[in-house]
Amino acid sequence: MSSLVTFRLGLREFATSLVSVREVVRLQGLADLPGMTAPTAGVIEVRGVALPVVDLRPGAGPDGPGDVLVMERPSQQRRLVGVAVDQVRAVIDSDEFPLAGAPDGDEALPAYVLAVLRGPHGVVFLVDLPTMVGAGVPA
């Protein structure tokens, strides 16, 4: 049994391993800096540290409400990046969402989708968050 963090992007529900997420903070005080390009939206301050934020929210402006999943950068230990989502929903046990389908061999799904789960309100896409963020993670 493992724990998952569930979150919403637009009308879709996603989940990722809790191991991928260091903490969750509200998206407040996002500062855009000259030269930053999408999907990097800007920087927020978390306990005195500037945290670059990659915005995965579809069509949201920088001042829109949201939450930030703080994760370690995939290639750099102990360097953090924030991932803006519309809403973090819950932390749950993975066995609470039964498997609805596996993406193996399904080229229609992006590589970051690990499985398709059945949640209480419909389909939940289990994703590898670092892969989902991919090239959008600042160096």
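Strand E1 (residues 3–9) pairs with strand E2 (residues 12–17) in the antiparallel sense over six bridges; two strands pair if DSSP finds at least two bridges between them. This is a predicted model, in which local features need pLDDT of at least 70, side-chain atom pairs count only at pLDDT 80 or more, and totals for chains, interfaces and linings use all residues. Residues are numbered from 1 along each chain as its sequence is written, and side-chain values use heavy atoms, with hydrogens and water left out.

E1 and E2 form a hairpin with two residues between them, and Gly 10 in the turn has a positive phi of about 60 degrees. E2 also runs parallel to strand E11 (residues 122–127), joined by three bridges.

| Residue | Opposite residue |
|---|---|
| Arg 8 | Glu 13 in E2 |
| Phe 14 | Phe 125 in E11 |

The protein has 11 strands and one helix; helices (H or I, at least four residues) and strands (E, at least two) are DSSP runs, numbered from the N terminus.

Tyr 112 lies in the loop between strand E9 (99–101) and strand E10 (113–119). Tyr 112 is partly exposed, with a relative accessible area of 23%; buried means under 20%, exposed over 50%, and partly exposed in between (1.4 Å probe, protein chains only). Beyond its neighbours within four places in sequence, Tyr 112 is in contact (heavy atoms within 4.5 Å) with Leu 126, Val 127, Asp 128, Thr 131 and Met 132. The C-alpha atoms of Tyr 112 and Met 132 are separated by 5.2 Å.

Of the 139 residues of the protein, 40% count as buried.
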